Amino acid sequence: MTTEEVKKAVKKEKAPVRAQDLTVDPASAQMIERAWDLEIETIFDRAQSMKPCNIGVQGTCCKNCAQGPCRLPLPKGGVEGKDTRKGLCGATAETIAARNFARMVAAGAAAHSDHGRGVAETFLAAARKETHDYHIRDTKKLLEIAPDFGVDITVEGENGEVLDRDIDEIAVEVGEAALGQWGQQQGEVCTVKRAPVPRYELWKKLGVVPRGIDREIVEIMHRTHIGVDQHYENIVEQCSRAAIGDGWGGSMIATDLQDVLFGCPYPIKSSANLGILKADHVNIVIHGHEPLLSEMIVQAAELPEMVQLAKEKGAHGIQLGGICCTANEILMRHGVPLCGDFLQQELAIVTGAVDAMVVDVQCIMENIANVAQCFHTKVITTNPRAKIASGDTIHIEFDEHTAFEDAKKIVRTAIENFPNRSKPVIIPDQKSDLVAGFSYEAINYHLGGTFRASYTPLNDNIINGRIRGIGGVVGCNNARTVHNEGHLTVVKELIKHDVIVLTTGCNAIACAKAGLLTPESAKVFCGPGLAEVCETVGIPPVLHMGSCVDNSRILMAAAEVVKAGGLGNDISDLPAAGSAPEWMSEKAISIGHYFVVSGVYTVFGVTLPVSGAPVFENYLYKELEDIYGGMWDLVADPYEHAHKMIAHIDKKRKALGIDKARERVLFDMAARRDLEAA
Ligand code: NFS
């Protein structure tokens, strides 16, 4: 269907769609309109012309064998009496939905963890000095994490004195131990012990401590094959093992080793949105997830010879920008601006200003190759795992042993493409300032200062009620809902009610574009308590903690808050809640599940493919709370979504006996304001 046909079809059914009905971001709306003018089809058009399958959205379509697909939609008005729906083999709606859910956890955990494995391999190559392009940079963090991998950082001298061990030796041993977590068959993934003790003990009691990262993912695939695990509770138990192996394992190890290789992030200023592109520069957009690639491109683009080449081609310089989680990675460590989130990848090309879009893995829409064909843009794939058949893409394989040379080739290809711009360049004006880079170490430092770095000031402010609680808001964009509306409504509602927000992924990018990642935004958007804390400490009310594998930083921050004391003994005691208002990827399901089994009430927006199986749905939404202290929820309306999180936070404050403190603080503030007014 052409865009014109789409528009006509839409017109026939209802009022014509306007770009501002599809996104709350003016830069994106402008580019959607340009795409319409140029008759270029994007995901925003396809979301209008193709509706989701009614049975798939309920989670009750089974295609795990060749006798199906067996489709078990919920009868109109729900199930009355005994649920007699069955697939050919007899699988119930509950079994089918649980199996589908589990396969999403497996795929999500696999994506994060395979990324982590790649980092571990490169880390080991760097430690063994088999590559000269990567180095062990953050030795402080290396020494901090080494004991968790069972690696000693000191050695006893001849006279019994304690001596520091050689840093290279430590790095090699950490690399080997880390890589070993993937293929391990017995025992426990070692980083899981970083969870608060009661949480770890609970997992042990329930038997869900992951044995090895890969093993738990493979076991999901086995159990969900036809005729294996046919009890939704048992299937969810395996989901828990695999998801813990992701959040407290594969993702966490990826974050650790990336920090050691590239530096632990600390607050850094930059800007966000399509307006960061420059008409008179070579624009290279890096899209995907792995900093192994983007770190090298950042270095290659800074080479004087590259800047010189760009000038020879008529450009004033080279502008880098990021899309999706790669954007978050290079933003946090280098201040490279954010070009856009998941739903802006086609729109960036529609500016006509992108000379190359360099992609690695995950969240890359195949259609960028088609959109690029309407312009001069070169789409460069770099990872052997991810090639694109559509369009006319170039593959420049990126190898950790020749990384810098590969990166230079990619940058040169982009520069040489600058003179080929074929259509007028139209770059939206919008770009917002931001501060990013709040690793959990940075929060520690920022709140407590160098000499007394700790989470205690955060805990004190939660206990005294200035901060009501903590919201972890993360996740994707989803073309089935208005772009960025869910993210911004949820986050603004939370901070307005004094809930500090920790963000990653595409939520972080949405917040950045809306100016929520600046300390100044506290005055404008926050409730009085949170505003006061942000102003005193000089932090934004929404703390950018990184990419989606960096959700492990949120887990670590939660563990640190528990450790700092006064807010219970476990993550499930904290006045905290999780949210993914516009999720769409399988990775989000794995993340959601590891948040839930870590004890967090976790609310998803848009949809969850479990509604066709009410018993399984009830298990996720209600019964898991009795087992893990955390549970799933689905609330599509973003306003109500935020308020259910706030209600949960208040429930936890009450259980901790700190609900009165907040009332007192608010009274004090109101009284103070009255005094000021008088
Ligand atoms: Ni996360 Fe990052 Fe964005 Fe969603 Fe995709 S980029 S790993 S999956 S879409 S937040």
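My entries follow in that order.

**Core.** I noted at the start that the model is predicted. I looked up the largest nonpolar core and found 178 residues in it. Val174, Trp203, Trp248, Ile318, Phe616 and Trp632 have the most contacts inside it. Helix 5, residues 93-127, gives the most to this core, with 16 residues. I then checked Val174. Leaving out residues up to four places away in sequence, Val174 touches Phe123, Leu142, Ile145, Ala146, Phe149, Val151 and Leu257. Another core, of 38 residues, lies apart from the largest one. I wrote down Ala29, Leu277, Phe342 and Leu347 as being among its residues.

I looked up the largest pocket next. The space in it is about 910 Å³. I found 28 lining residues, and Pro52, Gly56, Val57, Arg480 and Met584 are the closest to the centre. By class, I have 16 nonpolar, eight polar and four charged residues in the lining. Helix 5 turns up again: with four residues, it gives the most to this lining.

**Rings.** I searched the whole structure and got nine aromatic pairs. Phe101 and Phe616 pair edge-to-face, at 5.8 Å centre to centre and 75° between the planes. Phe101 lies in helix 5 and Phe616 in helix 25, so this pair ties together parts 515 residues apart in sequence. Both Phe101 and Phe616 are buried. Tyr232 and Tyr619 have ring centres 5.5 Å apart and planes at 75°, so I logged this pair as edge-to-face too. Tyr232 is in helix 10 and Tyr619 in helix 25, 387 residues apart. Which residues form one aromatic cluster? I listed Phe101, Tyr232, Trp583, Phe604, Phe616, Tyr619 and Trp632.

Conventions. Residues are numbered from 1 along each chain as its sequence is written. This is a predicted model: local features need pLDDT of at least 70, side-chain atom pairs count only at pLDDT 80 or more; totals for chains, interfaces and linings use all residues. Side-chain values use heavy atoms; hydrogens and water are left out. A nonpolar core is a set of buried Ala, Val, Leu, Ile, Met, Phe, Trp, Tyr and Cys residues joined through side-chain atoms within 4.5 Å. Buried means under 20% relative accessible area, exposed over 50%, partly exposed in between (1.4 Å probe, protein chains only). Helices (H or I, at least four residues) and strands (E, at least two) are DSSP runs, numbered from the N terminus. Contact means heavy atoms within 4.5 Å. On a 1 Å grid over the protein atoms alone, a cavity is a set of points where a 1.4 Å probe fits but cannot get out, and a pocket is an open set with protein on both sides within 12 Å along at least five of seven lines; lining residues have an atom within 4 Å of a point. Grid points are joined across faces, edges and corners, and a volume is the space filled by probe spheres set on the points. Ala, Val, Leu, Ile, Met, Phe, Trp, Tyr, Cys and Pro count as nonpolar, Asp, Glu, Lys and Arg as charged, and the others, Gly among them, as polar. Rings of Phe, Tyr and Trp (its six-membered ring) pair if their centres lie within 6.5 Å; planes under 30 degrees apart count as stacked, over 60 as edge-to-face and the rest as tilted.
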